[in-house]
Amino acid sequence: EAEKPLPLPIGDYPAIVKAYEVGTTKNENKTPYVRFQIGLLGWPESVDESERLTKGGNQIDLSKRTFRRDYYMTTDALWRFDEFLRTTGVVISGRTYEEILPEIIGCQITATISQYLNERSNELGNQVEKLFGPESPESGI
């Protein structure tokens, strides 16, 4: 029987942008978004060795954990996307998003992983709260 993975501890994880997709939400608003697939590269220094283990005592394999982060492309939310892009080091001035997005693939970033309580299952899960690149004052890269 497969073991359900434990939620990861809260922290800023070194990560990489693996892929992106552009889409629209399925609700009636059809809000456009950009979704990034994020892979974790290592552990935050703040996470104790004991928190890096499965229930069975094995090391958690971060390469098997993939996360996503959506940025909504609306007037009220676009600033968050622009803020992230500026921190990646990719030149954005005078360019369209269509030109910039392929260059984000492979960027080493930091993913702030948080925990949430799933109201349906009453179980803890993880989500990406924030992404920032090496050009951010918050970055430890």
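What is the strand order of the open sheet, and which pairing does the sheet have?

Guide: This is a predicted model, in which local features need pLDDT of at least 70 and side-chain atom pairs count only at pLDDT 80 or more, while totals for chains, interfaces and linings use all residues. Residues are numbered from 1 along each chain as its sequence is written, and side-chain values use heavy atoms, with hydrogens and water left out.

The open sheet has five strands in the order β3-β2-β1-β4-β5, with antiparallel pairing. Strands (E, at least two residues) and helices (H or I, at least four) are DSSP runs, numbered from the N terminus; two strands pair if DSSP finds at least two bridges between them. The edges are β3 (66–72) and β5 (124–132), each of which pairs on one side only. On average, neighbouring strands of the sheet are turned by 45 degrees against each other, direction ignored. Such angles are taken between N-to-C directions, from 0 to 180 degrees, with axes as lines fitted to C-alpha atoms, for helices over the stretch in contact. Strands of a sheet pair through backbone hydrogen bonds, either parallel or antiparallel.

Within β4, Q108 is the bridge partner of I16.

In the chain, the elements run β-β-β-α-α-β-β from the N terminus on. Helix α2 (residues 97–104) lies across β1 and β2 (32–40), and runs at about 140 degrees to β1.

A nonpolar core is a set of buried Ala, Val, Leu, Ile, Met, Phe, Trp, Tyr and Cys residues joined through side-chain atoms within 4.5 Å. Buried means under 20% relative accessible area, exposed over 50%, and partly exposed in between, with a 1.4 Å probe and protein chains only. This core has 27 residues, of which F36, I38, L40 and F84 touch the most other members. Strand β2 gives the largest share, four residues.

L40 has contacts (heavy atoms within 4.5 Å) with L8, Y13, P14, A15, L62, R65, F67, A111 and I113, leaving aside neighbours within four places in sequence. As for α1, its buried residues are F81, D82, F84, L85 and T87, and what covers them includes β1, β2, β3, α2, β4 and β5. L78, also in helix α1, counts as partly exposed because its relative accessibility is 24%. Not counting residues up to four places away in sequence, L78 touches Y72, M73 and Y97. Just after α1, G89 takes a positive phi of about 90 degrees.

Away from the strands themselves, R52 is found in the loop between β2 and β3. R52 counts as buried because its relative accessible area is 13%. Its side chain reaches the backbone oxygen of V47 at 2.9 Å. Leaving out residues up to four places away in sequence, R52 touches W43, P44, E45, V47, N58, Q59 and I60.

Over the chain, 38% of the 141 residues count as buried. Of the contacts with a separation of 6 or more, 59% are between residues 24 or more positions apart.

Terms used:
Polar contact = N/O pair within 3.5 Å; in protein donor to acceptor, adjacent residues only side chain to side chain.
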